[in-house]
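Me: Please walk me through this model, starting with the charged side chains.

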Amino acid sequence: MKVFGYATQSPTSKLAPHRFERREPRKDDVVIEILYCGVCHSDLHMARNDWGWSFYPLVPGHEIIGRVSSVGSSVTRFKAGDHVGIGCMVDSCGHCSPCEHGLEQYCEEGNTLTYGSYDRLDKMPTYGGYSEKIVSSERFVVKIPDGLDLAGAAPLLCAGITTWSPLRHWNVGKESKVAVIGLGGLGHMALKLAHALGAEVTLFTRSIGKEEDARRLGADHIVLSTDEKQMVSVQGHFDLIIDTVPYVHDINPYLSTLSLNGTLVLVGYLGGLEPILSTVPLILGRKSVAGSIIGGIAETQEMMNFCGEHGITSDIEVIKMQEINTAYERMQKSDVKYRFVIDLASLKADKKGEIV
Ligand code: NAP
Ligand code: ZN
């Protein structure tokens, strides 16, 4: 099917209007009219080929909220008109051990990403949510609880689940002491979710001036990571640290703030660590450094339902599709409170002037 959206044609080009072909729906598919799409820092990494596996044209966007416009003959969970979400994956092998355990994000054959992958059956490229509509098997579609603001719910599909999954995996609850590094899209969701789970929550930030926001978002304490005295004041304190920083950075200073058996889980930066990681605090304090990627589909639905019950959405700045390049520049400077969300109704303005 023909779809209109925004794409980038190379690591250095700007995003611009683009018409492309999506795969035709199959019998287990849901066709979704996209209403909102969050702007994740991963979109910026992918657009610029920071990870080396992007191909072009690339239509980013994996925090998708939409309305079902039609369903295939074998679809049972959705009907036209339902409000639904799609996150970072649209398929996986379905039969490996991780898939059987609801951990599709760790599929042994590799999951199919919402954009920047190839469909497992017809091998067509996948394209993301900076577009009018999307097609996905119902297995990778989540329900949006009634009452949640739709634009504010979009970032839950990536920023929400990426921070929820480690909070759940490391059993965060009322007795837990959790810290979050970096107050951006993922970081602000981590504060909200950890607070709602009952944990004592601390934000590590390098930015002066985020204290007030951080407290409003659920932080009990704020530590300026560039201030050595403040870092010393939290030595041996945390059970879990969620590190959302997108670029290479020194994680050594954070290790001594973990308690015995504590874990620092990296979710932000993908690549080799610099400077070298010292094993001394790890060995002497039985501490762990771990990593985590998004969450499974059942876990995403669990997080979405939790957010429905607790009235949790993302703090967003709604933008028009035409403002995406400025939004990327601002995100690069950490100048966003705390997630951009594209209102896809704005695409119509470009479509009107388009010569097909
Ligand atoms: P974001 O909104 O840009 O937030 C990142 C925050 O990290 C910034 O607000 C800033 O917080 C801090 N920061 C930025 N650059 C830094 C630097 N050079 N050194 C130290 N701190 C820095 O990004 P996001 O959308 O939350 O994404 C964060 C990272 O997670 C990205 O790399 C993204 O690709 C990745 N990600 C991973 C997964 C996964 O499944 N593992 C899923 C989604 C995204 P302060 O100003 O408070 O210091
Ligand atoms: Zn993302």
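Reply: A salt bridge (a side-chain nitrogen of Lys or Arg within 4 Å of a carboxyl oxygen of Asp or Glu) joins the side chains of Asp29 and Arg23, with 2.7 Å from N to O. This is a predicted model: local features need pLDDT of at least 70, side-chain atom pairs count only at pLDDT 80 or more, and totals for chains, interfaces and linings use all residues. Residues are numbered from 1 along each chain as its sequence is written, chains are lettered from A and ligands numbered from 1 in the order in which they are written, and side-chain values use heavy atoms, with hydrogens and water left out.

Me: Are Asp29 and Arg23 buried or exposed?

Reply: Both Asp29 and Arg23 are buried. Buried means under 20% relative accessible area, exposed over 50%, and partly exposed in between, with a 1.4 Å probe and protein chains only.

Me: Which residues are linked with them in a network of salt bridges?

Reply: The network links Arg23, Arg26, Asp29, Asp119 and Asp122.

Me: How many salt bridges does the structure hold?

Reply: The structure holds 19 salt bridges. One of them lies between Arg330 and Asp335, whose closest N and O atoms are 2.9 Å apart. Arg330 is partly exposed, because its relative accessibility is 24%. Asp335, with a relative accessible area of 37%, is partly exposed.

Me: Where do Asp213 and Arg216 lie?

Reply: Both are in helix H6 (residues 211–217), 3 residues apart, which is about one turn of the helix. Helices (H or I, at least four residues) and strands (E, at least two) are DSSP runs, numbered from the N terminus. Asp213 and Arg216 form a salt bridge, with 3.4 Å between the closest N and O atoms. Asp213 counts as buried because its relative accessible area is 13%, whereas Arg216 is exposed at 53% relative accessibility.

Me: Changing topic, in what order do the strands of the open sheet run?

Reply: The 6 strands are ordered S12-S11-S10-S13-S14-S15, with parallel pairing. The edges are strand S12 (221–224) and strand S15 (288–291), each of which pairs on one side only. From one strand to the next, the twist averages 20 degrees. Two strands pair if DSSP finds at least two bridges between them.

Me: How many bridges are there between S10 and S13?

Reply: Strand S10 (residues 177–181) and strand S13 (residues 238–243) are joined in parallel by 4 bridges. Val180 has Ile242 of S13 as its bridge partner. Ile242 in turn has Val265 of S14 as a bridge partner, and S13 and S14 run parallel, joined by 5 bridges. S14 and S15 pair in the parallel sense over 4 bridges, with Thr263 opposite Ser288 of S15.

Me: Why is S14 described as largely enclosed?

Reply: S14 is largely enclosed by the rest of the structure because 7 of its 9 residues are buried.

Me: And which elements do the buried residues of H4 pack against?

Reply: They pack against S10, H5, S13, S14, helix H10 (297–310) and strand S17 (339–343). Contact means heavy atoms within 4.5 Å. H4 has 9 buried residues out of 11, so it is largely enclosed by the rest of the structure. Among the buried residues are Trp164 and Leu167. Just after H4, Asn171 adopts a positive phi of about 55 degrees.

Me: What does Thr202 touch?

Reply: Beyond neighbours within four places in sequence, Thr202 contacts Val178, Ala179, Val180, Leu191, His221, Val223 and Phe238. Thr202 belongs to strand S11 and is buried, at a relative accessible area of 1%.

Me: Last topic, where is Glu104 found?

Reply: Glu104 is in the loop between H2 and S7. Glu104 is classed as buried because its relative accessibility is 14%. Residues that Glu104 touches, apart from those up to four places away in sequence, include Met89, Ser92 and Phe140. Ser92 is 12 residues away in sequence, yet the C-alpha atoms of Glu104 and Ser92 are 6.0 Å apart.

Me: Where is Leu103 placed?

Reply: Leu103 is in the loop between helix H2 (97–100) and strand S7 (112–113). Leu103 is partly exposed, because its relative accessibility is 35%.

Key:
Axes are lines fitted to C-alpha atoms, for helices over the stretch in contact, and angles run from 0 to 180 degrees between N-to-C directions.
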